[in-house]
Amino acid sequence: MDREQGSGLWRKPGAWWRFGIPIGGLLLFVFGALGTVGFNVVIHETSSDAFCVNCHGPSKFAAEEWPQHSHYNTASGVMVTCADCHVAKEFVPKMWRKITAMKEVFYTVKGDYNTREKFEAARHEMVDSVWDSMRANDSRECRSCHKVERMDFDQQKRMAATMHQRMDGLERSDPKYKTCIDCHKYLAHNKPQAQADGE
Amino acid sequence: MFEQKKGLWSVPTPWWRLGIPLGGLLALVLGIIAWVGFEASMTWSSTDEFCTSCHNSPSQWVQQEWHQESAHFKSKSGVVVTCHDCHIPKSFFAKVWVKGTSAVSHVTTQLTGKYQTKADFELHREALAERVWDVMRKTDSRECRSCHNVERMALAQQSETAAQYHEVLQDDGITCIDCHKGIAHNLPGNVAKN
């Protein structure tokens with residue numbers, strides 16, 4: 001085996017070339033950091049309203065009616081975006097939501113909901129699936145902004161204040177327990193219309 | 001020539017050369033971990049617990065008032081507001097700048113014991129408040145606006161005066177903090193009197 005004369009990848013490099021080892025290491029370190037930044041940016045950008053309504057599908061139709069609802073314009077003008085209600089803030093649930101969003105791409109490609117009529121027809125089903133997941137996680141996305149312990153009950157209607165305090169005192173397993181979405185529906189989108197007045 | 005001294009730069013055996021790609025991979029993973037760690041430290045050092053963790057510090061005193069009477073602590077809808085929502089920018093470079101510069105001044109005043117007692121702090125409250133307000137005026141109340149957007153206000157739900165002011169907000173050189181002072185902390189004595 002004559003290493004001195006080898007000309008392949010593994011031939012013994014010249015002394016100066018060996019600097020490539022620490023430099024390459026540093027480069028890859030920077031690469032890893034930049035990759036993470038890039039990943040964060042992608043995750044952030046794919047949660048923007050502009051991205052959500054990009055596809056001609058349910059998100060777009062739902063976004064059209066959103067400005068007429070109470071979570072769009074508020075007294076204090078607090079910004080709410082699609083992602084605030086529909087994408088978890090915590091890392092693992094957020095990633096899971098991003099991955100399952102692939103089915104939305106699939107439906108868009110197939111053109112399942114590409115007209116308002118198709119969207120309205122499927123609305124019952126879609127709304128149920130969103131509510132089910134909100135019930136299953138105790139309205140986690142509502143609670144990432146709204147906390148019962150930070151509510152000023154004096155400013156709320158008496159019935160609302162009573163309900164908020166009562167639910168806060170109950171266990172989730174209690175049959176009388178209600179989570180946010182059980183009462184607070186249609187604060188960003190329209191009610192599904194009855195089949196009859198659909199067209 | 002080949003069997004040289006056993007130094008750092010001696011020629012390794014073929015198996016050892018696998019260290020080059022493996023080391024590269026390791027460096028890549030380390031780079032990822034380092035950035036995640038950096039982000040985590042940024043997040044962790046922006047929590048209310050961290051802000052108020054210095055014993056006998058202005059942050060701790062103002063937090064006490066914040067809990068008692070602030071419209072930004074308890075609200076009708078229970079929307080959570082934390083120290084950093086008002087005091088640390090959301091965008092990256094501004095955030096790093098504010099965290100760096102405020103860390104230096106906070107740590108310095110803490111170590112030199114500028115504010116030993118709440119009375120010391122009260123003496124400086126007006127100057128401190130003015131400093132924060134100046135920054136907010138300069139940034140056109142950037143941190144207020146990272147939650148509150150004038151275009152998203154339902155003016156009909158506001159008092160008539162408020163709605164009028166918000167409508168002309170863009171025209172004049174006036175910004176959120178000019179009207180909305182003392183919404184999270186007590187006003188300095190002199191300002192409160194006026």
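**Notebook: how chains A and B meet**

I began with the contact between the two chains, which takes 34 residues from chain B and 34 residues from chain A; two residues count as in contact if their C-beta atoms, placed from the backbone, lie within 7 Å. My classes: Ala, Val, Leu, Ile, Met, Phe, Trp, Tyr, Cys and Pro are nonpolar, Asp, Glu, Lys and Arg are charged, and the others, Gly among them, are polar.

A note to myself: this is a predicted model, where local features need pLDDT of at least 70, side-chain atom pairs count only at pLDDT 80 or more, and totals for chains, interfaces and linings use all residues. Residues are numbered from 1 along each chain as its sequence is written, while chains are lettered from A and ligands numbered from 1 in the order in which they are written.

**The helix pair**

Next I looked up helix 1 (residues 20–45) of chain A and helix 1 (residues 19–44) of chain B, whose axes come within 7 Å and cross at roughly 40°. Helices here are DSSP runs (H or I, at least four residues), and strands are E runs of at least two, numbered from the N terminus. Axes are lines fitted to C-alpha atoms, for helices over the stretch in contact, with angles from 0 to 180 degrees between N-to-C directions. That angle makes helix 1 of chain A oblique to helix 1 of chain B (under 35 degrees is roughly parallel, over 145 roughly antiparallel, 65 to 115 roughly perpendicular, the rest oblique).

Which residues should I click on? Among those making the contact are A:G24, A:L28 and A:F31 of helix 1 of chain A, and B:G23, B:A27 and B:W35 of helix 1 of chain B. The residues of this helix contact divide into 16 nonpolar, 8 polar and no charged.

**The UniProt record**

For chain A, UniProt lists a "transmembrane region" (unreviewed entry) at residues 21–43; annotations may be inferred rather than shown by experiment. I found that span to be 100% helix, with its end C-alpha atoms 33 Å apart. In chain B, UniProt gives residues 15–38 that name, also from an unreviewed entry, and the span is 83% helix.
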